[in-house]
Amino acid sequence: MKSLRFYILSLVGFTTFLVSCASDDDNYVSIPSQSILESRIIELYGSKDILIQPLATDFNLIPNDPNNPITSAKVELGKMLFHETGIAMNPNMEESMYMYSCASCHHAEAGFQSGILQGIGEGGNGFGLHGEGRFKNAMYLESDIDVQPIRTPSALNVAYQDVMLWNGQFGGTGTNQGTETNWTVGTPKEVNNLGFEGVETQAIAGLDVHRLVMDQDFILNSPYKDMFDEAFPNSDVSSRYSKLNAGLAIAAYERTLLPNQAPFQQWLNGNENAMNEQETEGALLFFDDAQCFSCHSGPALNGMDFYALGMKDLEGDNILTVIDDATKRGRGGFTNNPEDDYKFKTPQLYNLKDVTFFGHGGSFQSIEDIIRYKNNAEIENQNVPSSQISPLFISLNLTNDEIDAITAFLENALYDNNLQRYVPEELPTGYCFPNADPMSSQDMGCD
């Protein structure tokens with residue numbers, strides 16, 4: 001089969017000939033690239049439907065954990081708890097009581113990532129417009145601040161992951177079968193023993209990790225009681241208002257965070273005007289010559305494999321915590337298998353335009369930067385042995401125009417500009433969110 005690039009260039013030449021022979025009044029003859037794209041996707045997957053994301057209310061079509069079926073009542077409870085600063089009851093410093101939430105590091109304004117290099121839960125001040133204005137509270141020591149040694153991954157499209165985090169350490173099924181000896185007792189990884197998939201496991205473990213508390217008196221004396229009753233009617237009252245059920249509700253909500261209004265999703269659903277010519281060409285390259293689909297596939301354009309691409313870890317004078325060896329080793333830091341060293345999980349690709357840090361260490365400042373990195377295939381982290389680098393990390397020989405086209409596809413065609421539909425208008429407690437510190441409250445107009 002002739003390469004896609006040859007086919008496109010031939011069509012471009014033919015179209016240019018037609019246009020050059022046409023008068024100014026003649027209609028422009030466009031490249032039938034949408035038909036080529038559709039044919040290529042069908043060639044790869046059998047149908048365009050494989051890449052279509054369901055509506056957030058189509059619970060039967062969204063991947064569920066069999067032990068935590070999605071219901072509308074769970075989703076509504078989870079949406080509130082995810083943003084609720086009123087459950088920030090276990091801070092290291094009293095002044096941060098009720099000041100942070102899950103959404104402090106995963107908010108809609110940044111595509112459910114953090115708007116800064118390192119997301120800050122407790123110990124942060126401010127928000128800005130997209131989370132870019134959050135900074136460390138000067139009163140906090142490094143040991144007291146809630147910040148992670150790796151860039152915050154997006155909560156979008158987690159329904160298409162069976163394990164969570166860059167190293168995949170959360171999840172007691174599927175990909176993590178055989179890793180049971182690493183579910184260390186006394187650490188968050190112990191939650192894997194409950195047998196849930198990664199989304200549920202991380203949500204349950206994350207409540208403790210991020211100093212959030214499910215206080216029964218708080219629940220019983222607030223509108224949350226009725227919400228727990230509706231979400232878990234078959235759970236015994238003695239255990240209904242629990243951290244476990246709160247985590248399951250948050251996970252149910254997170255599974256519905258689907259950027260299904262992005263132009264590419266609209267195109268998959270039949271809107272031929274959803275993508276422009278450059279974005280369509282970028283999609284063609286993505287699913288053919290650029291070989292992006294080899295790792296990024298399915299409705300989330302992600303993957304459950306781990307690859308070493310030689311990217312840098314978090315570094316620089318402004319890093320807020322020590323980057324430990326286990327974090328640097330990626331999957332290997334969890335499995336303790338040397339073959340997994342420096343390998344990181346393939347991320348989803350939707351709604352990247354609102355952030356300026358890419359790669360697990362945030363060492364790239366734009367989507368174009370990371371495409372060029374993969375195109376050149378020259379590792380930037382010299383601490384990663386060449387023997388560990390993925391055989392898929394090879395030079396692609398893309399032209400500047402092709403890089404621009406892929407960038408346009410990723411930036412624009414995969415961008416859902418209506419993620420605010422997943423955010424509550426207000427919380428049952430009335431607290432400001434995603435942060436409630438005085439500076440954030442001012443930034444977001446909560447005062």
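Cys-432 is buried, at a relative accessible area of 9%; buried here means under 20% relative accessible area, exposed means over 50%, and partly exposed is in between, with a 1.4 Å probe and protein chains only. This is a predicted model, in which local features need pLDDT of at least 70 and side-chain atom pairs count only at pLDDT 80 or more, while totals for chains, interfaces and linings use all residues. Residues are numbered from 1 along each chain as its sequence is written, and side-chain values use heavy atoms, with hydrogens and water left out.

The partner of Cys-432 is Cys-446, in a disulfide with an S to S distance of 2.0 Å. The rule for a disulfide is a pair of cysteine sulfur atoms within 2.5 Å, and by that rule the count is one. The torsion about the S-S bond of Cys-432 and Cys-446 is about 60 degrees, so this disulfide is right-handed. Cys-446 is partly exposed, with a relative accessible area of 37%.

Cys-105 is in no disulfide; its nearest cysteine sulfur belongs to Cys-102, 9.2 Å away. Cys-105 is buried at 13% relative accessibility. Cys-292 is in no disulfide either, and the nearest cysteine sulfur, from Cys-295, is 8.8 Å away.

Now the charged pairs. Side chains of opposite charge can pair when their charged atoms come close. A salt bridge is counted when a side-chain nitrogen of Lys or Arg is within 4 Å of a carboxyl oxygen of Asp or Glu, and the count comes to 15.

One of them joins Arg-211 and Glu-122, at 2.6 Å from N to O. Arg-211 sits in the loop between helix 4 (198-209) and helix 5 (216-220), and Glu-122 in the loop between helix 3 (72-83) and strand 1 (124-125), so the bridge ties together parts that are 89 residues apart in sequence. Are these two side chains buried or exposed? Arg-211 is buried, with a relative accessible area of 12%, and Glu-122 is buried at 0%.

Lys-243 and Asp-208 form another salt bridge, 2.5 Å from N to O. Lys-243 belongs to helix 8 (residues 243-255) and Asp-208 to helix 4, so parts 35 residues apart in sequence are tied together. Lys-243 is partly exposed at 34%, and Asp-208 is partly exposed at 46%.

Within helix 6 (residues 224-231), Lys-225 and Asp-229 are four residues apart, about one turn of the helix. Their side chains meet in a salt bridge of 2.8 Å, N to O. Lys-225 is partly exposed at 28%, whereas Asp-229 is buried at 18%. Arg-40, Glu-43 and Asp-288 are linked in a network of salt bridges.

Last, confidence. pLDDT is the predictor's confidence in each residue, from 0 to 100. The protein chain has a mean pLDDT of 93, and 93% of its residues reach 70 or more. Over residues 6-29 the pLDDT is below 50, and this stretch has 11 contacts beyond near neighbours in sequence, a contact being heavy atoms within 4.5 Å. Where pLDDT is low, the predicted coordinates should not be read in detail.

How values were computed:
Helices (H or I, at least four residues) and strands (E, at least two) are DSSP runs, numbered from the N terminus.
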